[in-house]
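Me: I'd like to learn how to read disulfides in a model. Could you walk me through it?

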Amino acid sequence: MAKKSGGAGCVVVVLVLGLLAFGYYKWQHGSSSAPPDGADTGGGTGRYVALGDSYTSSPRTGKQAGTPAGCERSDDNYPHLVSARLRPAEFADVSCGGATTGHLTAAQKTGNGTNPPQLNAVTEQTTLVTLGIGGNDVGFLSLASSCASSQPAASPCKDRLTANGRDQLAERIDATAPKVGDVLERIHAKAPKAKIIVVGYPTVLPDGDGCWPTLPFGAGDIAYFRDALGKLNKMLEDQAEAHRAGYADTATPGKGHDVCAASGERWVEGLLPSSPAAPLHPNARGERGMADTVLALLKLP
């Protein structure tokens with residue numbers, strides 16, 4: 001009997017350790033999920049294509065990479081960092097600042113040159129695709145300039161965008177969902193062997209009331225936009241799951257690295273960047289954090 005009891009005790013210990021390990025993984029990786037099995041990429045094999053908007057292209061954090069210059073694509077953005085670790089036979093980063101889901105299938109005119117439809121870079125030989133898109137469809141950054149307030153408790157954008165019982169940001173997120181799903185299906189059709197990872201947006205706004213006046217948005221707008229960014233990431237996660245793709249949750253590891261964090265800790269810069277980056281965009285540290293999240297899903301040796 002004592003022997004049986006000991007065996008049961010070992011089983012309990014194993015289960016507890018397993019649960020603790022799972023809890024630690026979730027704490028570290030949040031809602032991240034690996035892509036379904038597909039062709040391997042790396043070590044001199046495969047083709048990696050990066051698609052996305054300015055949170056992927058990473059304006060002003062490094063040297064200009066590729067053309068057109070108007071896409072403000074940096075050589076230290078997360079696609080370049082992922083590629084440097086993987087070492088695929090071919091790598092194409094066609095991300096572009098200001099891109100929407102529409103620019104995956106249509107050319108994008110910038111202030112300095114035209115970016116071809118991003119999906120043009122996805123070929124039958126493609127074995128890995130990362131996709132970071134959706135924020136410009138919703139219009140987060142275009143709204144930011146109208147939200148500044150001299151009152152720390154104000155919420156001018158929330159008041160305007162939720163008037164008459166509507167939530168315009170929630171509606172825009174819902175309208176973007178099928179567009180993301182369509183893009184994922186197009187990628188599958190063009191590159192049936194490819195693993196696809198949808199890359200979510202990192203944590204931009206802190207918990208609580210924010211850091212007025214450093215970030216001159218009132219507490220009501222901070223809470224409203226923080227909630228909307230969470231809804232956007234949840235939509236991207238849901239679309240990834242529904243369309244046979246992995247999801248890189250960069251918001252969970254980005255907690256505490258928001259625009260209100262100390263300059264040496266933040267991943268996303270404020271309106272007046274203290275590190276090279278565009279306002280309200282990831283800096284080089286943020287791009288490294290995003291790259292680490294993607295690489296963790298690829299289970300490298």
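Me: Okay, which residue forms a disulfide with C147?

Reply: First, the general idea: a disulfide is a covalent bond between the sulfur atoms of two cysteines. Here a pair counts when the cysteine sulfur atoms are within 2.5 Å. C147 pairs with C157, and their sulfur atoms sit 2.0 Å apart. A word on the source: this is a predicted model, where local features need pLDDT of at least 70, side-chain atom pairs count only at pLDDT 80 or more, and totals for chains, interfaces and linings use all residues. Residues are numbered from 1 along each chain as its sequence is written, and side-chain values use heavy atoms, leaving out hydrogens and water.

Me: Why is the disulfide of C147 and C157 left-handed?

Reply: Its torsion about the S-S bond is about -100°, so it's left-handed. C147 lies in the loop between α5 (140–144) and α6 (156–161), while C157 is in helix α6, so the pair ties together parts 10 residues apart in sequence. Helices here are DSSP runs of H or I, at least four residues, and strands are runs of E, at least two, numbered from the N terminus.

Me: Is C260 buried or partly exposed?

Reply: Buried means under 20% relative accessible area, exposed over 50%, and partly exposed in between (1.4 Å probe, protein chains only). At 25%, C260 counts as partly exposed. Its disulfide partner is C211, which is buried at 16%.

Me: How many disulfides are there by this rule?

Reply: Three. One of them joins C71 to C96, and both of these cysteines are buried.
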